[in-house]
Amino acid sequence: AAARRLQVARGPEEASLWLRRAMEATEDGFNEEDFVIWKGRLGWEANLDRQYELRMEREGLFWHDPALDGLDTEERNWAICQMGFKQVEDALKSVGMEKYYEDFLSVGVLHAQKMRYMSRKFMKIRLPHITDEDDIETLLDVCANVCKDENVRFFKARYGDVDKLMF
């Protein structure tokens with residue numbers, strides 16, 4: 001749709017060139033080999049019941065957490081942000097990598113569901129100080145499997161987007 005709008009606005013040649021440049025400019029993007037490796041780590045997702053997943057996401061709109069009762073909007077938002085941070089911390093602690101907790105937060109991984117998108121290339125670009133191959137593999141494995149927990153997988157549907165609540 002965006003390419004079509006550009007085509008109308010600027011003409012087909014300029015739109016095509018702009019779209020190609022935009023795709024090439026994504027330094028965090030996957031090449032084919034990286035994509036296959038990343039998708040291979042997420043093989044467990046193939047066994048998820050899509051209908052159940054969609055139902056749970058819809059039901060997330062009506063999720064009630066008694067721990068948030070009595071809080072004003074600002075306190076509630078901060079409590080949800082802290083819950084997201086705790087998920088990241090717990091996931092990293094589960095594999096003995098809690099030393100990278102603040103690093104993950106500093107690159108915008110504010111809740112564990114966002115860990116699912118972590119790739120080797122992202123780590124190389126955004127977390128270049130993590131150089132130990134064993135640590136990288138351990139982190140990539142925990143990131144790929146963190147969403148097996150329903151509390152993580154449906155966090156955003158139940159509580160909202162931590163990124164938006166932070167700002």
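Let's start with contacts across the sequence: if we take the pairs in the chain that sit at least 6 residues apart, 67% of those contacts join residues at least 24 apart. Please keep in mind, everyone, that this is a predicted model.

So what secondary structure carries those contacts? The chain has eleven helices and zero strands. Reading from the N terminus, you go α-α-α-α-α-α-α-α-α-α-α.

Next, burial and surface. Of the 167 residues in the chain, 34% are buried.

Now, if you have the structure open, please turn to the largest pocket. Its volume is about 400 Å³. How many residues line the largest pocket, and which of them lie nearest its centre? The lining has 15 residues, and those nearest the centre are Glu57, Gln113, Arg116, Tyr117 and Arg153.

What about the classes of residue in that lining? Eight are charged, five are nonpolar and two are polar.

And which helices supply the lining? Helix H4, spanning 50–59, and helix H10, spanning 155–159, each give at least two residues to the largest pocket. The largest share comes from H4, with three residues.

Note on methods
Residues are numbered from 1 along each chain as its sequence is written. This is a predicted model: local features need pLDDT of at least 70, side-chain atom pairs count only at pLDDT 80 or more; totals for chains, interfaces and linings use all residues. Side-chain values use heavy atoms; hydrogens and water are left out. Helices (H or I, at least four residues) and strands (E, at least two) are DSSP runs, numbered from the N terminus. Buried means under 20% relative accessible area, exposed over 50%, partly exposed in between (1.4 Å probe, protein chains only). Contact means heavy atoms within 4.5 Å. On a 1 Å grid over the protein atoms alone, a cavity is a set of points where a 1.4 Å probe fits but cannot get out, and a pocket is an open set with protein on both sides within 12 Å along at least five of seven lines; lining residues have an atom within 4 Å of a point. Grid points are joined across faces, edges and corners, and a volume is the space filled by probe spheres set on the points. Ala, Val, Leu, Ile, Met, Phe, Trp, Tyr, Cys and Pro count as nonpolar, Asp, Glu, Lys and Arg as charged, and the others, Gly among them, as polar.
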